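This briefing is meant for a reader who is meeting the structure for the first time.

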Amino acid sequence: MDKKYTRWLLPLLILLALGLALRINAGIMPEEFQSVIAIIVTASLLFIFGMFLSQHKKRSSGWFKKLLVSFVLLIIVGKRLGWIEFDALWLVVNDLGIHETIQNAIIVYCGWIFFD
């Protein structure tokens, strides 16, 4: 298959895999684990989706940007899982209008910028 098509098809396949994984998770996982697994699978596949959107062949080896991206992902996923509670930070985030959809977009952006 042509490289152009694979570059465009892989992100689509990742989104389809995300939908399939969430459907399987809802069907076979015990209810106490469903939300945790759904949050982790969603965050990881959105991050991978963002990585495949990056078109650069040469990957960056800068460590500071990767550390910052990892910290942002840790905060978003930790908040969704209920592991991190910074009330002052979440008040500011909610006042700015950053809700789950924007957080998903930030995760995709983090995947895109990780190797940029």
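Ile40 has its place in helix α2, and in this predicted model the residue counts as partly exposed, with a relative accessibility of 39%. Although Ile40 and Arg80 are 40 residues apart in sequence, their C-alpha atoms are 9.3 Å apart in space.

**The chain as a whole**

- The chain holds five helices and zero strands, and when it is read along the sequence its pattern is α-α-α-α-α.
- The C-alpha trace of the chain spans about 50 × 40 × 25 Å along its principal axes, and buried residues make up 26% of its 116 residues.
- Of the contacts in the chain between residues at least 6 apart in sequence, 74% join residues at least 24 apart.

**Helices α2 and α3**

- Two packed helices are described by the angle between their axes and by the distance between those axes.
- Helix α2, which covers residues 31–53, packs against helix α3, residues 63–81, at an angle of about 155° and with the axes 10 Å apart.
- Because angles over 145 degrees count as roughly antiparallel, α2 and α3 are described as roughly antiparallel to each other, and α2 passes α3 in a right-handed crossing.
- On the α2 side the residues that meet α3 are Val36, Ile39, Ile40, Ala43 and Phe47, and on the α3 side they are Val69, Leu73, Val77, Arg80 and Leu81.

**Helices α2 and α5**

- The packing of α2 and α5 has an angle of about 45° between the axes, which lie 6 Å apart, and that angle makes α2 oblique to α5.
- The crossing of α2 and α5 is right-handed, and the contact brings together Ala43, Leu46, Phe47, Phe49, Gly50, Met51 and Leu53 of α2 with Asn104, Ile107, Val108, Cys110, Gly111, Trp112 and Phe114 of α5.

**Helices α3 and α5**

- Between α3 and α5 the packing angle is about 155° and the axes are 10 Å apart, so α3 is roughly antiparallel to α5.
- In this case the crossing, in which α3 passes α5, is left-handed.
- The contact is made from α3 by Lys65, Lys66, Val69, Ser70, Val72, Leu73, Ile76 and Arg80, and from α5 by Glu100, Gln103, Asn104, Ile106, Ile107, Cys110, Ile113 and Phe114.

- Leaving aside neighbours within four places in sequence, Ile76 is in contact with Gln103, Ile106 and Ile107.
- The C-alpha atoms of Ile76 and Gly19, which are 57 residues apart along the chain, are separated by 20 Å.
- Gln103, located in helix α5, is likewise buried, with a relative accessible area of 12%.
- When residues up to four places away in sequence are not counted, Gln103 touches Ile76, Arg80 and Ile98.

**Aromatic rings and a charge over a ring**

- Rings of Phe, Tyr and Trp pair if their centres lie within 6.5 Å, and by this rule the count comes to three aromatic pairs.
- One of these is formed by Trp63 and Phe64, an edge-to-face pair with 6.0 Å from centre to centre and 85° between the planes, and both Trp63 and Phe64 are exposed.
- The rings of Tyr109 and Trp112 also pair, and because their centres are 5.8 Å apart and their planes stand at 35°, that pair is tilted.
- Tyr109 and Trp112 both lie in helix α5, residues 100–114, at a separation of three residues, which is about one turn of the helix.
- Tyr109 is partly exposed at a relative accessible area of 46%, and Trp112 also counts as partly exposed, at 32% relative accessibility.
- Apart from the ring pairs, the charged end of Lys66 sits over the ring of Phe114, at 5.4 Å from the centre of that ring.

Terms used. Residues numbered from 1 in each chain as written. Predicted model: local features only at pLDDT ≥ 70, side-chain atom pairs only at ≥ 80, totals over all residues. Heavy atoms only, no water. Phe/Tyr/Trp six-rings, centres within 6.5 Å; stacked < 30°, edge-to-face > 60°. Buried < 20%, exposed > 50% of the residue type's maximum accessible area, 1.4 Å probe, protein only. Helix = DSSP H or I, 4+ residues; strand = E, 2+ residues; numbered from the N terminus. Lys NZ or Arg CZ within 6 Å of the ring centre and 35° of its normal. Axes fitted to C-alpha atoms, helices over the stretch in contact; angles between N-to-C directions. Parallel < 35°, antiparallel > 145°, perpendicular 65-115°, else oblique. Left-handed = near helix turned anticlockwise from the far one by under 90°. Contact = heavy atoms within 4.5 Å.
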